[in-house]
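Thank you all for coming.

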Amino acid sequence: MERKHFFYFAAVACFLFTSAGLSQGEDAWENIGRELLNAKSVAVDPDNPKTIYLGTDKGLFRSQDFGKSWRNLFVSKASRLGVNLLVFDSQDKDILYAATTAGLFRSANKGLRWDRIFKGKSQDEAECLALVVLPRVIYLGTGKGLFASFDKGRSWHKEKGRLGKTRIFNIVHTSSGPGLLYLACTDGVFKAANPEDSWERIFTAYPRENGGEDDDEVEDQDEEDRHSEIRYLAVNPNDPKHLFLATQRGIYESKDSGGSWKNFPEYGLISRDVHLLIIPAESRIFCVSKSGIFVYRGLAWEELSSGFSFKKINYISLDKDRNLYACSENGLHRLAPYLGHTKGKALSQYFISEPAINEVQKAAIKYAEVDSGKISNWRKQVAKKAWLPRVTVGLDQDINRT
């Protein structure tokens with residue numbers, strides 16, 4: 001009976017401990033998407049942080065009051081339209097691009113009116129996934145190939161060879177120094193010094209081809225991702241040669257523009273299958289895995305989404321005020337601001353209002369009704385059993401065995 005009481009108390013304590021931790025994580029995130037579900041992308045107006053653009057599987061929405069109310073902006077005759085990515089033009093902040101499942105759209109007045117500037121010749125080409133807008137060229141990554149436009153989208157040229165057939169995940173341009181272009185796709189990671197140069201592959205699709213020794217079995221993949229281990233590429237904004245690559249087998253790091261790669265620390269990550277990486281100017285790293293949202297501060301990964309029931313996180317973004325946005329099947333959520341979480345605070349939140357260890361021990365002894373006399377008696381009984389072991393005798397009817 002005493003042991004029953006003890007285990008009952010331990011189970012209750014564990015439940016209360018977990019509940020407290022979950023409530024802490026859930027309360028940190030604010031649902032600002034309201035009834036809008038299946039959020040896929042988000043962009044904050046660079047001139048007005050109260051204006052937020054949200055892309056979903058049903059179109060594009062805008063809020064001008066920090067997420068309190070939303071208005072449908074995107075009108076399209078396409079039967080299947082999801083907004084995969086939203087990008088503001090770095091040269092003209094009134095121009096907003098929307099990469100969708102039915103082509104690339106552009107608005108010259110922050111979403112009030114839209115024109116489709118890329119359609120694609122097939123369903124895979126029409127699925128726009130990645131976009132980089134430079135002064136002289138626009139690069140567009142689709143479900144089947146890389147396209148470039150040198151006349152603001154009036155005409156498009158498809159890349160020849162391998163990059164004209166593969167699925168493009170994301171494209172990065174480094175603004176410091178002469179500028180470099182990086183691209184992550186099904187077949188690996190590619191680099192170009194400028195738009196006129198040819199693309200050089202600097203990471204193949206499988207880690208062991210890059211000198212890795214990781215032969216562990218991979219985790220289950222979604223159907224659309226089974227053809228590649230590559231997920232996403234990010235560049236350190238303070239060092240254009242410092243690359244981070246998210247893959248199904250973990251994160252890889254290169255400090256020489258992709259010349260060599262090594263495994264990035266995984267301590268704290270629950271799942272190695274990392275889908276997305278973002279690196280703000282503060283040199284912290286945020287990632288999205290199958291287990292949630294994590295931040296790396298130089299020692300270990302800390303989970304920021306603990307306790308929140310995200311079904312599938314599609315995208316994360318930081319605005320200039322350090323608000324962290326998460327797009328998921330549950331909608332759009334915001335964690336404000338992420339720098340409010342000091343080192344170790346995410347973990348310490350689990351222990352708020354929790355009893356000390358000695359208090360738990362005293363309570364367990366009280367519930368189990370164990371005193372010093374009982375413990376002494378138990379020790380004597382154990383000592384006797386050691387000298388007088390239990391012996392049993394049995395008879396086997398098989399005459400060939402003793």
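Let me begin with a definition: two strands pair if DSSP finds at least two bridges between them, and the strands themselves are DSSP runs of E with at least two residues, just as helices are runs of H or I with at least four residues, both numbered from the N terminus. With that in hand, strand E24 (residues 292-296) pairs with E25 in the antiparallel sense over three bridges, and within that pairing Tyr 296 has Trp 301 of E25 as its bridge partner.

Before I go further, please keep in mind that this is a predicted model, in which local features need pLDDT of at least 70 and side-chain atom pairs count only at pLDDT 80 or more, whereas totals for chains, interfaces and linings use all residues. Residues are numbered from 1 along each chain as its sequence is written, and side-chain values use heavy atoms, with hydrogens and water left out.

As for the chain overall, its secondary structure comes to five helices and 28 strands. Of its 402 residues, 47% count as buried, where buried means under 20% relative accessible area, exposed over 50%, and partly exposed in between, with a 1.4 Å probe and protein chains only.

Returning to E24 and E25, the open sheet here has four strands in the order E22-E23-E24-E25, with antiparallel pairing. Why is one side of E22 and of E25 left without a neighbour in the sheet? Strand E22 (274-278) and strand E25 (301-303) stand at the edges, and each has a single partner strand, so one side of each has no neighbour there.

A second open sheet of four strands runs in the order E10-E11-E12-E13, again with antiparallel pairing, and its edge strands are E10 (128-133) and E13 (157-158), each of which pairs on one side only. Five bridges join E10 to strand E11 (residues 138-142), and the bridge partner of Val 132 in E11 is Tyr 139.

Next, which residues of strand E4 (residues 59-63) point one way and which the other? Gly 59, Phe 61 and Ser 63 point one way, while Leu 60 and Arg 62 point the other way, and all are buried. E4 forms a hairpin with E3, with two residues between them, and strand E3 (residues 52-56) pairs with E4 in the antiparallel sense over five bridges, Leu 54 having Phe 61 as its bridge partner in E4. E4 is also joined by two bridges to strand E5 (residues 71-72), running antiparallel, and there Arg 62 stands opposite Arg 71.

Finally, the packing. A nonpolar core is a set of buried Ala, Val, Leu, Ile, Met, Phe, Trp, Tyr and Cys residues joined through side-chain atoms within 4.5 Å. The largest such core has 43 residues, and those with the most contacts inside it include Trp 29, Leu 131, Ile 293 and Leu 324. Strand E27 (residues 324-328) gives the most to this core, with four residues. Apart from it lies another core, of 16 residues, among them Val 132 and Leu 163.

Contact means heavy atoms within 4.5 Å, and, leaving aside neighbours within four places in sequence, the contacts of Leu 131 include Leu 85, Tyr 97, Leu 104 and Tyr 139. Ser 317, in strand E26 (residues 313-318), counts as buried because its relative accessibility is 17%, and, not counting residues up to four places away in sequence, the residues that Ser 317 touches include Val 42, Ile 278 and Leu 324.
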